[in-house]
Amino acid sequence: MSVYKRLEELGVELGAMTAPAASYAPFVKHGNLLYLSGHLARRAGQIWKGRLGDDISTEVGQQAARAVAVDLVSTMHATIEDLDRVKKIVKLTAMVASAADFESQHIVANGASDFFAAVFQGIGPHARSAFGVARLPLGSCVEIELIVGFE
Amino acid sequence: MSVYKRLEELGVELGAMTAPAASYAPFVKHGNLLYLSGHLARRAGQIWKGRLGDDISTEVGQQAARAVAVDLVSTMHATIEDLDRVKKIVKLTAMVASAADFESQHIVANGASDFFAAVFQGIGPHARSAFGVARLPLGSCVEIELIVGFE
Amino acid sequence: MSVYKRLEELGVELGAMTAPAASYAPFVKHGNLLYLSGHLARRAGQIWKGRLGDDISTEVGQQAARAVAVDLVSTMHATIEDLDRVKKIVKLTAMVASAADFESQHIVANGASDFFAAVFQGIGPHARSAFGVARLPLGSCVEIELIVGFE
């Protein structure tokens, strides 16, 4: 089944590619790898601010991670034009703004990982690291970068 | 000399591949690169909890980093089946749970780097980043991810 | 125009390759990718210590990030010997030592990104992540790692 069909079934609408917050590119292609820049969490077009273990619950953090994953797919779509050219989600890095005692960064990151598994099915499971950072640009609660194989 | 011979000489026994803590894969192959997910530190099968500069000393942190490196080699072995197929340790990223004034993340990371150098000898030295994070999943004191070239 | 000509115009002198702070390599080549280890910020040969939002301003952090970028180019030059062989700056990761309320890691990272854009022009813009970390090795205020495509 086409990736677009699955996005439709999940009720996901892709947005425009988010402009980077600074002087870099939202993606770079090298060979058949696509390096996607760290995408910040957004809600209704605004930065989704906060810190896990402080003013953001694990459940809301998961929703934020899923929102970042949707934006990453939007960037992929804008870049390679046909999401069915994706051959593998290779590597995901999830940076989670965390209070000193918050230990569930992996649960938060599942919001993105589960989404990629649902959308890209057999080629969705990826290598991953998740860790807690002091603070993210613009106060975003989550930032996710991605490496994707395509043809 | 074979990698297995060196592991034997070092008295290292490989374990089973550690199941990932969440919905992702322990590794992904892309071309002749192996991307290994961030592996958490474990001791006697339990998460090795703590924070450097707080309740974990630099020396103990090094031991934890070495334990992660052993687990990474176990995952490599489970994945490519023959460790002598490894052609290069390419890139190591060490995330060290750190108190605000702890500045020896590079010394901690040496626990892993020295192990790879000993086991993989001429092809063991790698590009590396090490940095201090607020907190890691499940309270692990160290998390390490790895990119490996193989044939 | 040659990369060396642009460096000259910018008044930038490349230094010797900085020796890594620990048991790893300053770079690793894999295929036509160059993985550069995380480089710490230095000023007059000493580690440029501090924390953004604490004892380092955003503007000074940008200068530190630019200094790291110069060191990264020095390492590239020492490695591939001819900077005109660089085909693409692929991915930059900026780790910024940050106080809990500092949210301008992306502005700090621009100190490096703008430099690469100026030196490598059309092939300089890169994928990027920037985030705030608890603390960096030796107390450095900024650490930057890089992936570069060359031929």
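**Helices, sheet and chain contacts**

User: At roughly what angle do the axes of helix α2 (residues 58-80) of chain C and helix α3 (residues 105-120) of chain C cross?

Analyst: The axes of α2(C) and α3(C) come within 7 Å of each other. Helices (H or I, at least four residues) and strands (E, at least two) are DSSP runs, numbered from the N terminus. Axes are lines fitted to C-alpha atoms, for helices over the stretch in contact, and angles run from 0 to 180 degrees between N-to-C directions. On that basis, the two axes cross at roughly 40°.

User: Good to know! Which pLDDT do local features need in this model?

Analyst: Residues are numbered from 1 along each chain as its sequence is written, while chains are lettered from A and ligands numbered from 1 in the order in which they are written. This is a predicted model, where totals for chains, interfaces and linings use all residues, side-chain atom pairs count only at pLDDT 80 or more, and local features need a pLDDT of at least 70.

User: Back to the helix pair: how are α2(C) and α3(C) oriented to each other?

Analyst: Angles under 35 degrees count as roughly parallel, over 145 as roughly antiparallel, 65 to 115 as roughly perpendicular and the rest as oblique. The crossing is at roughly 40°. The orientation of α2(C) to α3(C) is therefore oblique.

User: And what is the hand of the crossing where α2(C) passes α3(C)?

Analyst: A crossing is left-handed if the near helix is turned anticlockwise from the far one by less than a right angle, and right-handed if clockwise. For α2(C) passing α3(C), the crossing is right-handed.

User: How many nonpolar residues are in the contact of α2(C) with α3(C)?

Analyst: Two residues are in contact if their C-beta atoms, placed from the backbone, lie within 7 Å. Among the contacting residues are C:A65, C:V68 and C:V73 of α2(C), and C:F115, C:F116 and C:V119 of α3(C). Ala, Val, Leu, Ile, Met, Phe, Trp, Tyr, Cys and Pro count as nonpolar, Asp, Glu, Lys and Arg as charged, and the others, Gly among them, as polar. The contact has one charged residue and six polar ones, and its nonpolar residues number 12.

User: Let's turn to chain A. What is the strand order in its open sheet of five strands?

Analyst: Two strands pair if DSSP finds at least two bridges between them. The edge strands, each pairing on one side only, are β1 (27-30) and β6 of chain A. From one strand to the next, the twist averages 15°. The pairing is mixed, and the order is β1-β2-β7-β5-β6.

User: Which residue of β7(A) is the bridge partner of A:H39?

Analyst: Strand β2 (residues 33-40) of chain A and strand β7 (residues 142-150) of chain A run antiparallel and are joined by six bridges. In β7(A), A:H39 has as its bridge partner A:I144.

User: Which strands of chain A does α3(A) lie across?

Analyst: Helix α2 (residues 58-80) of chain A lies across β1, β2, β5 and β7 of chain A, at about 40° to β7(A). α3(A) runs at about 160° to β5(A), and the strands it lies across are β5, β6 and β7.

User: Which element gives the most to the side of chain A that touches chain B?

Analyst: This contact takes 28 residues from chain A and 22 residues from chain B. On the chain A side, β5 (86-97), α3 (105-120) and β6 (127-133) each supply at least two residues. With eight residues, the element giving the most is α3(A).

User: And which element gives the most to the side of chain A that touches chain C?

Analyst: Here chain A gives 22 residues and chain C gives 28 residues. β1, β2 and β7 of chain A are the elements that give two or more residues to this side. The one giving the most, with four residues, is β2(A).

User: Last one: which residue in the turn of the β1(B) and β2(B) hairpin has a positive phi?

Analyst: Strands β1 (residues 27-30) and β2 (residues 33-40) of chain B pair in the antiparallel sense over four bridges, with B:V28 opposite B:Y35. Two residues lie between the strands of this hairpin, and the turn residue with a positive phi of about 55° is B:G31.
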